[in-house]
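Biologist: I have a model open and would like to read it step by step. Shall we begin?

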Amino acid sequence: MDKIIQSLSPIEKKIIPYLEEKEISRICEKSNLDKTTVLRALEYLQKKEILKLNVKQKKIIDLGVNGILYKRKELPERRLLNVLDSKRILSLKDAQKESKLSEDEFKVSIGVLKRKALIELKNGKIILSATKEEMSKKSLEELFIENLPIEQSELTSEQNFALKELERRKNILETKEIKKISLEVTSLGKKIMNSEIEKKDMIESLDQEILKKDTNWKGKIFRRYDVTGNVPRLNGGKRHFVNQALDYVRKIWLEMGFKEMEGKMIQSSFWNFDALFTAQDHPVREMQDTFFLNKTLEVQDKKLLKTIKETHEKGVQGSEGWNYTWEEEESKKSVLRTHTTCLSAHKLYELSKLPQEKRVGKFFALGKNFRNETVDWSHGFEFYQTEGIVIDPELNFRQLLGYLKQFYKQMGFEKIRFTPAYFPYTEPSVEVNVWHPEKKVWLELGGAGIFRPEITIPLLGVRTPVLAWGQGFDRIIMDYYKIKDLRELYRNDLNQLRNIKHWMK
Amino acid sequence: MANIKIPRKQFEKEIGKLDEKMQGRIALFGTPVESLTDSDLELEIFPNRPDLLSYHGFKRAFLAFLGKKTGLKDYKIHKPEKNYEVKIESSVKDVRPYTLCAIIKGLRLDDDKIKEIIDIQEKLHSTIGRKRKKVAIGIYPLDKIKLPITYKALEPDKIKFLPLESTREMSGLEILQRHPTGKEYAHLLSGKTKFPIFIDSDKKVLSMPPIINSENTGRVTDKTKEIFIECSGHDFKTLEKCLNILVTTFAEMGGSIYSMKINLKELRESPSLKATKKKISLKDTNKILGLDLSEKELRQNLEKMGHNYSKGEVEIASWRTDILHEIDLIEDIAIAYGYENFNPEIPKISTIGEEDKKETFKRKISEILTGIGFLETSNFHLISKEDQFKNMGVNEKQIKETLEILNSKTENDFLRKNLSSYIMKTFSKNSDSEYPQKIFETGRVFEEKEEIEESEKLAIGIAPGNFTDIKQVLEYLTKALDIKVEVKEMEEIPSHLIDGRVGEIIFNGNKIGHLGEVHPKILKNWKIKMPVSILEIDLGELFQKY
């Protein structure tokens with residue numbers, strides 16, 4: 001019991017003496033505390049087994065908006081009766097006019113009075129058939145309204161009848177649910193009420209003042225806290241979870257010895273498509289799929305333009321090309337890049353300026369790409385992609401698979417397989433599948449391949465193998481965070497950002 | 001992306017049981033299984049293999065891959081019979097200059113095969129046909145037409161026939177204006193003074209390519225035994241490939257191919273299924289794949305992909321569209337060898353990783369700001385006109401140096417010019433979230449000056465926040481970054497800030513940004529009920545210090 005007494009907060013102590021009061025409001029009055037504080041303290045006391053709270057739900061029937069009005073002006077059927085009382089017979093039209101009832105009220109009143117046989121309808125006229133006595137007697141509905149509010153469980157059968165009648169009509173009644181809380185002090189509680197609870201030497205919160213002198217705290221008791229209780233949430237600063245994931249991928253590349261490539265989001269069609277051997281009539285180059293800007297971007301290197309033209313039209317070094325007339329104008333159209341592969345193309349071209357033996361290396365890119373889409377749960381117009389290339393004269397297909405295996409292992413995908421794929425700029429091409437243990441299927445992860453000679457010869461100047469692979473990123477983030485809707489990634493809902501877990505990889 | 005659906009029963013009867021192993025083989029052939037139900041198998045066909053766009057085309061290639069019927073398949077072409085001729089008139093030259101045609105006889109069609117014919121036609125149209133622009137295909141029951149055929153172009157009002165799905169005869173122009181299919185493809189003939197048509201020797205119109213066939217000659221049914229096929233378009237090579245895919249598919253269905261005489265460039269017989277030849281080097285193959293194949297293995301693998309090999313030369317089927325270079329044959333060898341059989345290896349290339357300096361710098365900024373309780377946001381690079389300008393108090397006339405997207409499918413048709421708009425939007429969307437709200441974002445913005453400029457910016461917002469709050473953050477940040485900036489009164493203030501409470505941020509003598517309190521009228525635009533202070537700086541100058 002001592003432990004419990006030591007755990008009482010000042011407010012709890014304040015209300016303990018009044019626990020035997022019948023009404024909560026009385027406790028509030030006596031302790032001079034507001035209701036919320038008292039209710040919270042009572043709950044704490046219940047947790048400490050000092051008392052038991054009984055909550056009873058009650059349904060109280062009271063007047064609705066129309067009910068309040070009718071209580072003041074009388075029910076419409078009474079008003080109609082009053083008019084009829086003097087005239088006895090009236091046409092429907094006149095009756096409505098004189099009783100000043102609305103269309104609805106009038107209809108309802110006629111119905112009610114007919115059912116009670118107080119009036120008759122004949123040839124469009126209302127005839128009063130009620131006796132004097134019937135006229136002076138208050139109806140059950142009227143009596144019911146006068147007695148409101150009433151608790152539903154306490155209704156008499158007559159009141160129940162009136163309730164049903166009135167409930168059929170609009171907004172006359174209103175039912176409210178209220179909670180009635182009563183409390184019962186336990187035997188432990190009674191003992192505590194009879195004990196000395198105001199101990200002078202109890203320390204509440206420890207503050208600077210207390211710490212000033214040793215005697216302030218030496219030999220004193222610290223009030224015991226409920227350490228299991230809830231505390232308010234803390235909001236801290238945090239990086240956006242997508243950026244946390246991007247940093248993780250960046251780290252993987254760096255650990256594997258790759259250098260970061262960086263570049264513009266607005267690219268000419270030349271770098272985004274032509275340099276990557278995507279024919280000019282390829283569907284991806286239609287307005288339907290790609291964002292175009294009202295600006296042209298020109299490639300200055302005339303020699304490069306000429307080589308790319310030849311490559312598309314007739315091919316290079318043993319290639320047949322696409323067999324059409326390549327237009328320089330088409331290549332000038334600027335687009336929002338559709339893949340980071342355009343950065344790889346720039347990199348190869350940059351390396352072509354170096355002596356042949358220096359045209360080697362390992363590079364990666366990480367960034368946003370764009371496609372012209374409407375937005376839904378699985379589509380967006382911006383998406384993250386990461387991509388790596390390895391350039392070296394001695395590379396081969398087996399080594400591409402080796403890199404892929406290593407990269408995906410680092411990313412946390414152990415069970416993967418490689419299947420044939422198609423991309424306009426790689427040959428052979430590979431698709432990386434990952435085994436989904438729950439769905440028991442192979443899912444598509446990323447694409448890879450060795451750049452075609454139609455890419456490397458014009459851009460790099462030599463037919464050195466360039467291994468390349470790329471990975472869309474949004475799905476991986478969604479999978480990690482169990483997010484089902486792509487739109488959740490960039491919603492910037494602060495509640496979501498505050499509560500979301502860190503990227504723990 | 002094109003998929004094909006194969007009745008499961010047919011596959012299991014003619015190829016093999018669709019167990020897990022078979023599904024694995026299908027994926028490793030390069031045709032991923034999209035779905036498998038009790039009734040159907042659905043496969044994805046990559047755009048480089050239009051020859052697989054029908055069950056019979058797939059079956060031919062896949063059986064070879066399984067080692068059952070390997071090597072280049074040979075089809076007999078029968079000589080043209082009497083009147084098996086298509087006359088091309090010079091009038092088509094400016095509209096749709098080429099056509100290649102063929103006749104198939106001895107077909108026995110059922111519902112599945114008719115469906116397959118309709119399907120492959122549709123799929124070839126949408127893939128290599130580039131939505132009928134490059135190739136349009138017509139298939140007609142031979143008994144409904146009278147050979148020889150003429151291909152010519154006429155003025156639209158001189159063309160009259162009953163188009164498919166119509167109840168009355170229409171003129172060429174009417175078809176483009178009124179008929180649903182006509183309207184869909186009208187753009188392919190726009191600006192042409194004459195429209196192309198195929199007519200038979202009774203002057204009956206067969207079709208008006210690439211739009212629509214005639215109802216009277218247009219339909220293949222289960223009674224049809226003999227058909228006439230035409231492909232028309234602008235690109236001879238694609239037409240040839242397309243026709244070859246079609247006629248060999250019909251041959252796979254049991255039909256016999258008959259050629260026709262056509263005066264295209266010169267008098268020729270169509271189709272020609274002549275294989276193309278390409279050299280392949282065993283050494284190149286082994287080097288690129290990292291394998292040690294013998295010549296015999298090379299030959300076997302090529303045969304599994306439907307090619308023939310002899311003495312360094314490969315014979316390639318006339319219906320394959322994807323072999324542009326030796327490397328494409330090498331990929332075929334890799335597929336036949338089996339991607340699962342390669343032994344992955346990591347080469348010993350020693351390199352040192354290196355992060356882009358700007359990324360390092362941006363991460364440092366993020367660390368500093370999250371350290372003082374700021375949340376990072378991540379918004380789109382595209383933005384709506386309303387968010388970028390109207391809500392920020394910029395009126396229509398003041399819009400300049402902005403990049404607009406020509407064809408956005410969403411309302412976001414501008415490239416963002418700053419990050420402040422999105423900071424305000426974030427506050428606006430989160431008005432029911434707990435305050436204080438302290439947020440920041442780094443990222444790219446776009447402007448059109450003399451050239452297109454892309455630059456990296458940082459924006460910070462505080463709600464509720466005043467000038468002191470935001471200036472404190474600036475000072476904390478610059479101190480942590482060990483840079484010195486000056487704040488001066490700003491002359492030309494941004495439209496969303498309060499005059500007299502805006503500071504211009506100067507670094508190394510250059511204006512790099514501003515900070516200030518947001519004007520109540522802007523807060524009202526965004527329905528934000530808290531005072532907001534905001535900062536935006538260009539990181540370009542700062543990057544250079546590092």
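Modeller: Buried means under 20% relative accessible area. Keep in mind that this is a predicted model.

Biologist: What share of the 505 residues of chain A counts as buried?

Modeller: The cut-off is under 20% relative accessible area. Apply it to the 505 residues of chain A, and the buried share is 51%.

Biologist: How many helices and strands are there in chain A, and what is its radius of gyration?

Modeller: Chain A has 22 helices and 18 strands. For 505 residues the globule rule gives 23 Å. The value for chain A is well over that, so chain A is more spread out than a compact globule: its radius of gyration is 42 Å.

Biologist: What box do the C-alpha atoms of chain A fill?

Modeller: Take the box along the principal axes. The C-alpha atoms of chain A then fill roughly 115 × 95 × 45 Å.

Biologist: Now chain B. In what order do the three strands of the open sheet stand?

Modeller: Strands of a sheet pair through backbone hydrogen bonds. Strand 18 (276-279) and strand 19 (308-310) of chain B each have a single partner strand, so they stand at the edges. The pairing is antiparallel, and the order in chain B is 18-20-19.

Notes. Residues numbered from 1 in each chain as written. Chains lettered and ligands numbered in written order. Predicted model: local features only at pLDDT ≥ 70, side-chain atom pairs only at ≥ 80, totals over all residues. Heavy atoms only, no water. Pairing = 2+ DSSP bridges. Helix = DSSP H or I, 4+ residues; strand = E, 2+ residues; numbered from the N terminus. Rg over C-alpha atoms; globule rule 2.2 N^0.38 Å. Buried < 20%, exposed > 50% of the residue type's maximum accessible area, 1.4 Å probe, protein only.
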